[in-house]
Amino acid sequence: MENKVLAVVDGRAIKQSDLYDLLRSIGQNAMQFQSEEGQKQLVDELVMQELLYSDAIKHGLDKEEEFTAALEQMTKSLLKQYAMGKLLESVTASDEEVKEYYETHQGQFKSDEAAKANHILVATLEEAEKVAEEIKAGLSFAEAAKKYSTCPSASQGGALGEFTRGRMVPEFETAAFAMSPGEISAPVQTQFGYHIIELEALTPAGLSPLEAVKEQVKEQCLLAKRQALYLAKRQELESLYTVEMQ
């Protein structure tokens with residue numbers, strides 16, 4: 001894409017890329033400047049910034065002690081960040097390293113027992129029994145949930161997704177974790193009303209398979225390697241430069 005010149009201020013070009021940079025810096029508010037008029041306002045702002053720059057140079061503001069001190073501090077801070085980035089950018093984790101990290105840190109990748117279930121929530125036992133009879137007569141659980149459930153999950157066929165112990169009210173949890181996959185419960189009473197639960201799957205507690213947590217393992221492996229490199233670099237630098245703790 002051509003980097004079109006939008007304006008020239010005191011010999012300095014304001015280009016399309018400058019406008020895009022300003023739009024990105026605005027973040028979520030950028031939407032209100034997408035129109036032709038909005039972009040003209042931003043170009044006007046860029047022009048004003050360049051005018052201020054020219055005027056500041058003309059009046060020697062760049063030579064003032066307050067400015068040079070602030071510039072030095074900003075340069076120092078930016079250089080520190082840049083140096084840290086350069087130090088860590090080379091850190092990678094091969095598949096072999098990821099596998100080794102997984103095997104030597106298995107405690108980090110253990111999962112709790114989990115259930116995946118759907119449910120139908122109604123106000124009374126009579127309603128719950130009526131819905132249960134319709135399901136036994138052939139109405140699918142998902143359709144019954146959409147038709148009768150008062151829970152927001154009704155629009156998704158009663159789907160609750162996967163949950164571990166401690167996430168649901170005790171009566172619901174006890175019933176769900178006592179079921180077998182494919183089973184539909186009798187009505188279960190909780191503080192919210194009466195539930196009919198359909199258990200899709202029950203995953204026992206244990207070590208998560210590597211493939212299921214590979215990205216998480218890789219991030220942890222990279223973090224460990226970065227920390228090791230950081231500490232080694234610090235030790236190296238402390239041998240080169242004086243450090244006096246006050």
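1. Glutamate 113 counts as partly exposed, at 24% relative accessibility (buried is under 20% relative accessible area, exposed over 50%, partly exposed in between; 1.4 Å probe, protein chains only). This is a predicted model: local features need pLDDT of at least 70 and side-chain atom pairs pLDDT 80 or more, while totals for chains, interfaces and linings use all residues. Residues are numbered from 1 along each chain as its sequence is written, and side-chain values use heavy atoms, without hydrogens and water.

2. Glutamate 113 pairs with arginine 165 in a salt bridge, closest N and O atoms 3.1 Å apart (Lys or Arg side-chain nitrogen within 4 Å of an Asp or Glu carboxyl oxygen). The partners are 52 residues apart: arginine 165 sits in the loop between β5 (159–164) and α7 (170–177), glutamate 113 in the loop between β3 (110–111) and β4 (114–122) (DSSP runs numbered from the N terminus: helices H or I, at least four residues; strands E, at least two). Arginine 165 is partly exposed at 46%.

3. Glutamate 134 and lysine 147 form another salt bridge, at 4.0 Å. Glutamate 134 is in α5 (125–136) and lysine 147 in α6 (141–148), so the pair ties together parts 13 residues apart in sequence. Lysine 147 is exposed at 55%; glutamate 134 is partly exposed at 23%.

4. Lysine 233 meets glutamate 236 in a salt bridge of 3.6 Å. Both lie in α8 (210–240), 3 residues apart, or about one helical turn. Shared partners also join Asp10, Arg12 and Glu50 into one salt-bridge network. The count comes to 15 salt bridges.

5. Helix α1 (16–26) buries Gln16, Leu19, Leu22 and Leu23. Arg24 and Ser25 are exposed on the other side of α1. Glycine 27 follows α1, with a positive phi near 75 degrees.
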